[in-house]
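Trainee: Can we go through this one together? I'd like to know how to read it.

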Amino acid sequence: KGRRIMNQYEYHKDWGNVPYDNDACKKTLNEFVCGSPYPSSAKDMMQFGNTRISYKVFQQELDNASAAFFNLGVKENEIVFMFLLNTPQTVATLYAINNIGALSEWYNASGMTVELMRHDLVENHIRFMVICDVIYPLVKHAVSGTEIEKVIVIPVKGIFNSEVQDEFFIS
């Protein structure tokens with residue numbers, strides 16, 4: 001009684017009788033990531049190209065980045081504008097921002113115009129912007145005249161190697 005089985009969708013047909021976890025449904029996405037069963041494990045959490053990142057490294061970098069955003073003055077419920085590529089740094093940045101209670105507003109750099117970015121920065125009174133180093137020179141002029149107080153530039157270099165990463169995040 002009270003157990004639901006996850007097999008009502010076509011993609012569930014091969015799952016057998018996987019129990020539905022009501023407690024898991026009450027967790028936020030950040031609680032799933034930060035509450036991983038492997039927080040200090042050397043097991044791979046994600047792969048990007050030929051680069052593998054372990055749960056332990058991801059969690060350490062997430063904690064470091066959360067502390068860095070907090071120390072920079074990012075406050076709870078504040079919107080942090082992310083203009084980043086689809087990389088592991090972006091995933092960690094999003095979780096780090098959300099981990100301290102701020103809101104991440106992510107735009108993929110390949111699908112947004114500078115004019116739209118500027119409009120969003122002005123309309124939402126954005127104070128913090130996170131951007132990757134290869135894109136910032138192209139949009140730097142759009143930041144002037146906005147309320148941006150700090151631009152955090154994340155290097156893209158090094159994420160395409162073929163090793164397990166020991167560190168990969170904000171420098």
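Mentor: We'll take confidence, then the fold, then the core. Keep in mind that this is a predicted model.

Trainee: What is the mean pLDDT of the protein chain?

Mentor: The mean is 76, and 70% of the residues reach 70 or more.

Trainee: Which elements have the lowest and the highest mean pLDDT?

Mentor: Helix α1, residues 22-25, is lowest at 62. Strand β3, residues 79-84, is highest at 90.

Trainee: And where does pLDDT stay under 50?

Mentor: One such stretch is residues 158-171. The model still has 40 contacts there beyond four places in sequence.

Trainee: New topic. How many helices and strands are there?

Mentor: Six helices and six strands. From the N terminus, the order is α-α-β-β-α-β-α-β-α-β-α-β.

Trainee: What share of the residues is buried?

Mentor: Of the 171 residues, 36% count as buried.

Trainee: What about the largest nonpolar core?

Mentor: That core has 30 residues. Among those with the most contacts inside it are Phe 69, Phe 81 and Met 117.

Trainee: Which elements give two or more residues to this core?

Mentor: They are α3, β3, α4, α5, β5, α6 and β6.

Trainee: Back to Met 117. What does Met 117 touch beyond four places in sequence?

Mentor: Phe 81, Phe 83, Met 112, Met 129, Val 139 and Ala 142.

Trainee: And which residues does the second core include?

Mentor: The second core is separate and has seven residues, including Met 46, Ile 53, Phe 58 and Tyr 95.

Note on methods
Residues numbered from 1 in each chain as written. Predicted model: local features only at pLDDT ≥ 70, side-chain atom pairs only at ≥ 80, totals over all residues. Heavy atoms only, no water. pLDDT = per-residue confidence, 0-100. Helix = DSSP H or I, 4+ residues; strand = E, 2+ residues; numbered from the N terminus. Contact = heavy atoms within 4.5 Å. Core = buried A, V, L, I, M, F, W, Y, C linked by side-chain atoms within 4.5 Å. Buried < 20%, exposed > 50% of the residue type's maximum accessible area, 1.4 Å probe, protein only.
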